[in-house]
Every structure is written in C-alpha cells, then in structure tokens.
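The following note sets out several points for a colleague who is about to examine this model.

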Amino acid sequence: MSCPSLGGRSGGRSRALKVGGDTTLRRGHVGDSHSRRSAMRAWYAWCPMRTLSLTHPRGLVDRRTHWRRGRLRPRSPTPPDNQRMDTLMDTESALLVAEDIEKRYPVRGAAREAHVLRGISLQVRAGELVSIVGPSGSGKSTLLYCLAGLVPLSHGSVRIAGARFSELSVGRSSRFRRDHLGFVFQSYNLLPSLTALQNVQLPARLARRRFEPRASWEALDAVGLADHAQALPGTLSGGQQQRVAIARALFSKPELLFADEPTGALDARATRLVLDQLRLTAVDGRAVLMVTHDLEAAASADRVLVLRNGLLHRELVAPTTREVFDAVELAA
C-alpha cells in the first residue's frame, strides 16, 4: 500500500489528498466533515510527524510547529522514577526551597570577590516558625534578603509557593512579594505623614484589596498599640514603631513572613507579645522566617539555623535557650 500523498503541481491547480489511490480531500473543496476527518486520520497514520493544513500554501505543516503554537498537545513527560519520588514530594511540600544559594560582592581595589553566602540549601514548611542565628557578619540578613528576592543571587535558586524569582520579571516579582510575602525590616519603613493605622492599611490600599477597617485596628491591638492608632510615627518610640511595622505585616496575612530582628528594640513584655503573634501567624499554611540575635526568641522557634561564615553550620530542632547559646558559641 502506498503512503498518502498530495497531488503535485504538475497535475493542475487543484490538489487532492490521495489515500490508497482514491481522492478523499481536494483543496478548494473540503467536502463534508466525515470525509475530512477520515482523510486527517489517514494522514496521521502514515506521516505521524506531519499534519495536513487546509490553509497552508503547501498543504503540509510540521507537527512540531503546531506544538510550538499550542495547536497540538505534546505527550506528557515521563514520570520520575520511584527513587526520586520521595525527594520530589518532600521538596514540593515545602513553602520555601533554597538550593545552593551563593552571594558574592565585588571588593573595591581587589581582583577577588567577597563571599557572603557559600552554597546554602534549606527548606521552610507551612506551619513552621524558623529562626536564623549566628555571629555578626555571618550573613544572616543577606540570607534573608536573598530568600525574599530583594537581593539577586550570584548562584543557586529560590522557590516560594512554587514560584522562582529567577523566572519572574521585575514587575511580576514585585507583585508576587506584595501579594504573598510579608516583611519586617530593622529600619521599620513607616511613612512619617501617615498615622499608625494608615501605615498598617497601606499595603492593602496599594494592592487595591478590600479590607475591614476593624481588622487593622485588631492588628494594632495584637501588638499593644490600639491606643496609638492615630499617632504619627514621629511621636512614637523606636519600640512602638517596630510594633507598628509588625502589625502591618500581620495585617496582610502573608503566606511567608520575613522578619529581620523583630524584637531588637522591644522590652521583655513587648517581646513576648510579638513572639506570640509570630507563633500564631505560622498556622493555616503560612510560615515565619526570622533573623534574630535574641537567643530566647530564637529558642521559641520550631527550628533554628546557625550560620557561620556564610555556611549553614548547624540545625537545631525545638532547642532550649542553652542549646542555641552553645551552638552560636561554637560558630563564633
């Protein structure tokens, strides 16, 4: 049996698809739907990598072109083998996955670069409160900013809720952080012309999200500042401004909250209040990643990551304050 073919140009202007010597489909006269479908099936059976096009000048188009244009659905990829399945399921269940991330900065007047982070890999799962500790200069804050996508990586990758910052444009990455992440910075980043309540509501207003005004009051009340809702940041102490910044992050209910020294300017009572709120935040599919020098605050976390010279020196699970202290001392 011969392969289906198209009539050549030498045979006249009309072109026909011939299957087994019978003309089943002619250009310019496509026939009824039944004959058209029969001709297409015959063509696929004989030429699996080519497809008939009734509008193409030559009548034929490579099927891979159709794949690129979304006209044909390619085959599903081969599933991974059983040996990798457990690892993949464990990685996909994590809210944040960092793989071999490095950060280098150029040094003025020197040919070499300063290595701040040296191949750190970690995971943060939903429902976890994870703290990062280490000596000064070990790269804690840099690691936090790299994980949040605020500082570009020199090497490695970070995935948060299935999204990789390296695959997102600047605009899309900014919108992703706005809609899914929360931040508590050491500098507070409060607008001086807005009241404490307005600063708490600001992220929702910028995102044009509807919100209940009462919820913003409750966020301030959770950190003990309901009585200062109408106060400007300039009239508040440093600890009060920090609590406003924390209330702003809590009000947004982010999937992952990054906190850089959230208790650095707080007294003992306010520290306990804030840590309780952070603990309540790490529920219902959300998580908190916190950098701190306060060893008691670090010990309140589910896991403690100890950094040393840009490396992940040790990981502690539900440690005591003494265990955190000993680990930091060994990393110094």
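Between which two helices is the place of Arg208 in the loop? The points below begin with that residue; the model is a predicted one.

1. Arg208 lies in the loop that joins helix 6 to helix 7. Most residues other than glycine have a negative phi. Arg208 has a relative accessible area of 78% and therefore counts as exposed, the cut-off being over 50%.

2. Lys253 is a further residue other than glycine with a positive phi, in this case near 50 degrees. Lys253 belongs to the loop between helix 8 and strand 12 (256-260). With a relative accessible area of 61%, Lys253 is exposed. Gly224, which follows helix 7, also has a positive phi, near 75 degrees.

3. Helix 7 (residues 213-222) has Ser216, Ala219, Leu220 and Ala222 as buried residues. These residues span an arc of only 160 degrees around the axis, and so they sit on the same side of helix 7. Arg214 and Asp221, on the other side of helix 7, are exposed. The cover over the buried residues of helix 7 includes helix 6 (196-206), helix 8 (238-252) and helix 9 (268-281).

4. The packing of helix 7 against helix 8 has an angle of about 135 degrees, and the two axes are 8 Å apart. Helix 7 is therefore oblique to helix 8. Their crossing is right-handed. On the helix 7 side, Ala215, Ser216, Ala219 and Leu220 take part, meeting Val244, Ala247 and Phe251 of helix 8. Among these, Ser216, Ala219 and Leu220 are buried residues of helix 7.

5. Helix 8 also packs with helix 9, at an angle of about 10 degrees and with axes 11 Å apart. Because of that angle, helix 8 is roughly parallel to helix 9. The contact involves Arg243, Ile246 and Leu250 from helix 8, together with Ala270, Val274, Gln277 and Thr281 from helix 9. Helix 8 passes helix 9 in a left-handed crossing, whereas the crossing of helix 7 and helix 8 is right-handed.

6. Gln241 is a residue of helix 8. Is Gln241 buried or exposed? Its relative accessibility is 19%, so Gln241 counts as buried, the limit being under 20%. The side chain of Gln241 reaches the backbone oxygen of Pro233 at 3.1 Å. Apart from neighbours within four places in sequence, Gln241 is in contact with Tyr188, Leu190, Pro233 and Leu236.

7. In helix 5 (residues 170-180), the buried residues are Ser173, Phe176 and Arg177. Viewed down the axis of helix 5, they fall within an arc of 95 degrees, so they line one face of the helix. Strand 9 (155-160), strand 10 (163-164) and strand 11 (181-184) are included in what covers these residues.

8. For the chain as a whole, the secondary structure comes to eleven helices and 15 strands. Of the 332 residues, 44% are buried. Among contacts with a separation of 6 or more, 60% are between residues 24 or more positions apart.

Note on methods
Residues are numbered from 1 along each chain as its sequence is written. This is a predicted model: local features need pLDDT of at least 70, side-chain atom pairs count only at pLDDT 80 or more; totals for chains, interfaces and linings use all residues. Side-chain values use heavy atoms; hydrogens and water are left out. Buried means under 20% relative accessible area, exposed over 50%, partly exposed in between (1.4 Å probe, protein chains only). Helices (H or I, at least four residues) and strands (E, at least two) are DSSP runs, numbered from the N terminus. The arc is that of the directions from the helix axis to the C-beta atoms. Contact means heavy atoms within 4.5 Å. A polar contact is a pair of N or O atoms within 3.5 Å; within protein, one must be able to donate a hydrogen and the other to accept it, and residues adjacent in sequence count only if both atoms are side-chain atoms. Axes are lines fitted to C-alpha atoms, for helices over the stretch in contact, and angles run from 0 to 180 degrees between N-to-C directions. Angles under 35 degrees count as roughly parallel, over 145 as roughly antiparallel, 65 to 115 as roughly perpendicular and the rest as oblique. A crossing is left-handed if the near helix is turned anticlockwise from the far one by less than a right angle, and right-handed if clockwise.
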